[in-house]
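Work through the exercises below with the sequence and coordinates open. Try each task before reading its solution.

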Amino acid sequence: MATIRVIYENGSPERVIEFDPAEAPFQHDGQPGSVLDVLLGHSIHLEHACGGNCACTTCHVIVRQGLNRLSEASEQEEDMLDRAPGLTPTSRLGCQAVIEDLHAEIVVVVPRYTINQISESREG
Amino acid sequence: MERPTYRARVERIFDHCEDTRSLFLRTVSDTLPQYSPGMFVSISIPLANETRVRPYTIATSPEDGEPFELCFNLVPNGPGAAWMFDRTVGDLLDFTGPFGAFTLERAPDCEMVFIAEETTIAPIRPMLRRALSQSAAHQIHLLYAAERSQHLLYRPELELLSNAYPRFRFEPLVIEHEFLYQRLLDEVQRRWVTSDSGRSRHFYVCGIGSGVLKLRDLLREAGYERRAVRYERW
């Protein structure tokens, strides 16, 4: 079984999920077995304004542990992450980061700001 | 941070053709937040056993105010699209946003090329209008492709713009679906890769499927800067 621990920068209570990656997908949005898929499939909300289609950065997470247990980021994901507020070297889009290791122990941080709305936008 | 949810009422419906529709929406108790051309809103779609969120690009310009327009087609087996198609005048929709990184707030100081297919003209339309209003000196191109001519949306408007702005070249293309992206790749290759060594142009590509990524790769591998090739894949 794999585990994912979710830490919220805004102080909301942490959540821990144990799951079997082989049972993915858990619901309809994001790549099957992605952080987004796992969280939504276990009734944990993660913003995904574009429906998990790599067209926004609202599912931006910072991977604190287990980065090498996730699928490699595509160029499309990297292009989108370029525009994420609070980008870090271990940032991923939750809808694209697939947990591939059956025994992975993943820790992610949900940043306080994960939006592309006009008030946070960079030059277009 | 709790994200606000807005409610809008369907004020008008326009059918571009039998499977492509626009809803014109007006917010009920708030005004639509300020946004950049190209952004989308995230609509809450109530289905039988769950509520899903689906993105729909705002096809009108921020300068136009409300009502704002969402343009979409009826996707086979797409529950979200079917629900949207079932909306009637007076219906209420809940949404968050606007969101999005495929935007054009300020036109770059260079030639611009926009590429779209069918309903993916939705973000391109307000971006193009912003570019025309800001960029007085540079050429602007729009390659707009569809399998059937009735899927070339806003064609009269785009033709009017090309007449009004001599530096804007509008190129509608009717191409069989299986050849569509190869034709676009060939056009881009011929005109902006092979034809000259200049690499200062900016590209804005919106389309469906892997063809968008092939266009991206063609341009970047030809030497265009990564951030000069902007794209949104539906």
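This is a predicted model: local features need pLDDT of at least 70, side-chain atom pairs count only at pLDDT 80 or more; totals for chains, interfaces and linings use all residues.

Residues are numbered from 1 along each chain as its sequence is written, while chains are lettered from A and ligands numbered from 1 in the order in which they are written.

**Exercise 1. State the confidence of the model and of chain B.**

Solution. 
- Then take pLDDT, the predictor's confidence in each residue, from 0 to 100.
- Chain B averages 94, and 99% of its residues score at least 70.

**Exercise 2. Judge how compact chain B is for its length.**

Solution. 
- List the elements: chain B has 5 helices and 11 strands. These are DSSP runs (helices H or I, at least four residues; strands E, at least two), numbered from the N terminus.
- Compute the radius of gyration over C-alpha atoms; the globule rule is 2.2 Å times the number of residues to the power 0.38.
- The radius for chain B is 18 Å, close to the 17 Å that the rule gives for 234 residues, so the chain is as compact as a globular protein of that length.
- Along its principal axes, the C-alpha trace of chain B spans about 55 × 35 × 35 Å.

**Exercise 3. Trace the open sheet of 6 strands in chain B.**

Solution. 
- Read the order: β4-β3-β6-β1-β2-β5 of chain B, with antiparallel pairing. Strands pair if DSSP finds at least two bridges between them.
- Find the edges: β4 (51-57) and β5 of chain B each pair on one side only.
- Check the twist, which averages 40 degrees from one strand to the next. Axes are lines fitted to C-alpha atoms, and angles run from 0 to 180 degrees between N-to-C directions.
- Look inside the sheet: 4 bridges join β1(B) to the antiparallel β6 (residues 92-99) of chain B.
- R7(B) stands opposite D94(B) in β6(B).

**Exercise 4. Describe how the two domains of chain B meet.**

Solution. 
- Count contacts (C-beta atoms, placed from the backbone, within 7 Å). Domain 1 of chain B gives 13 residues and domain 2 of chain B gives 12.
- On the domain 1 side, β5(B) supplies the largest share, 3 residues.

**Exercise 5. Count the residues in contact between chains A and B.**

Solution. 
- 21 residues of chain A touch 24 residues of chain B.

Conventions: Domain bounds come from an automatic or database domain assignment.
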